[in-house]
Amino acid sequence: MPRRLLILGSTGSIGTQALDVVARSEDLELVGLSAQSSWERVVEQAAEFGVERIGLADVDAGARAAENWTGGEVLTGAEGLVRLVVESEADLVLNALVGSAGLGPTVAALGEGIDLALANKESLVVGGELVTQLAEATGAQIIPVDSEHSAIHQLLAGEEVGTVDKVVLTASGGPFRGKAAAELREVTVEQALAHPTWAMGGKITIDSATLMNKGLELIEAHHLFGTPYERLDVVVHPQSIVHSMVQLCDGATLAHLGYPDMRVPISYGLHYPERAEVPLRALDLADVGTLTFERPDEETFACLRLARQVGKAGGTAPCVLNAANEVAVHAFLNGRLRFLEIAEVIEHALDSVETGQIHAFETLYRADRAAREAAHRLIEERAAA
């Protein structure tokens, strides 16, 4: 029997590559698709794959899809995405949504006991403690789809508890690796979007440029693998050949290597615990020639430092960091904030919003709203000055 798969965020970078994996597999049956607002594209995908149920988070886009598509049912809004998950009868949900909007569908999938292939890192950054508890309670598996966390997941397979001394995440360093703060004051949106290795969406690409992406991944790794922050490290590796490393108690270090192609971790997440063929050339280290590594500059790229601090603090602090970052990145992409001011807005939100323990998901929603309001206020004040 094929595995019934629902893809959330099917029109984005991860989603479209996941559809490429599905098209090559006889073991996956697509039962639903969703997008934020790209209704024409998701309708095309539904027609191509014979899907009869789609979701649009944007209500207006959903209305247009319903008017123009007669091939099935359209669900709209945040509630519609949750319904899509709960009513899909899926065996596996791929959550490739961008930002904290992915938390609700993550909770819905795990609450139904549906295995989750997770590319939405914010689900664990914002609600990590509650999300992992929910998975344990229902027995649903969380299989990471980020290249780094997928690598760690594979490296830890078969390792006994207590044998791992350190988990090391690799970072490309983004387009501004090696730059000093003075050189980053006037960088443009176009420069920040010019990632040297990966082709990703705008939000994730800017997060990579600020190193916030790696900060979020630290928090995510803490929750996914139960690794204390003092045993989590980041190393800059511009070639993006080594995707992560695990240091063991006997002095051995295991590394996961391969050319940078997201179809590898996507295929692993969708087929786990099996493996499926992915049409890529085999790694030729002699052809690569040189692999280099360096420590990240957490003074210039303050987002990584802030993420590590709030990860250790726990509670609602990571939620505040994530919400403020989403607002700041959006403002930067729209020309209302300078590159280095992204970290300043986040730090302001962390200083001005009260944080504490998480009692329920509503606690997170309140912290999220407060952080967004604080970030918006500072951006408006700076724009008016």
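Ser13 has its place in helix H1, which spans residues 13-23. The model described here is predicted.

**Binding-site residues**
- Ser13 is listed under "binding site" in an unreviewed UniProt entry, along with Thr11, Gly12, Ile14, Asn120, Glu122 and Gly201.
- Ser13 counts as partly exposed because its relative accessibility is 27%, a value between the cut-offs of 20% for buried and 50% for exposed.
- Glu122, also on the UniProt list, lies in helix H6, made of residues 122-138.
- With a relative accessible area of 6%, Glu122 is buried, since buried means under 20%.
- Leaving aside residues up to four places away in sequence, Glu122 touches Gly99, Ser100, Gly127, Lys203, Leu216, Asn322 and Glu326.

**Helix H5**
- Helix H5 runs over residues 103-111 and is mostly covered, with seven of its nine residues buried.
- Those buried residues are Leu103, Pro105, Thr106, Val107, Ala108, Ala109 and Leu110.
- Gly113 follows H5 and has a positive phi, near 75 degrees.

**Annotated C-terminal domain**
- The unreviewed UniProt entry gives residues 257-373 the annotation "domain: DXP reductoisomerase C-terminal".
- Over residues 257-373, the chain is 57% helix and 1% strand.

**Arg369 in helix H16**
- Arg369 belongs to helix H16, which covers residues 361-384.
- Its relative accessibility is 44%, so Arg369 counts as partly exposed.
- The side chains of Arg369 and Glu362 are joined by a polar contact of 3.4 Å.
- Arg369 and Ala46 are 323 residues apart along the chain, and their C-alpha atoms are separated by 34 Å.

How values were computed:
Residues are numbered from 1 along each chain as its sequence is written. This is a predicted model: local features need pLDDT of at least 70, side-chain atom pairs count only at pLDDT 80 or more; totals for chains, interfaces and linings use all residues. Side-chain values use heavy atoms; hydrogens and water are left out. Buried means under 20% relative accessible area, exposed over 50%, partly exposed in between (1.4 Å probe, protein chains only). Helices (H or I, at least four residues) and strands (E, at least two) are DSSP runs, numbered from the N terminus. A polar contact is a pair of N or O atoms within 3.5 Å; within protein, one must be able to donate a hydrogen and the other to accept it, and residues adjacent in sequence count only if both atoms are side-chain atoms. UniProt positions are given in the numbering used here, feature names are shortened, and annotations may be inferred rather than shown by experiment. Contact means heavy atoms within 4.5 Å.
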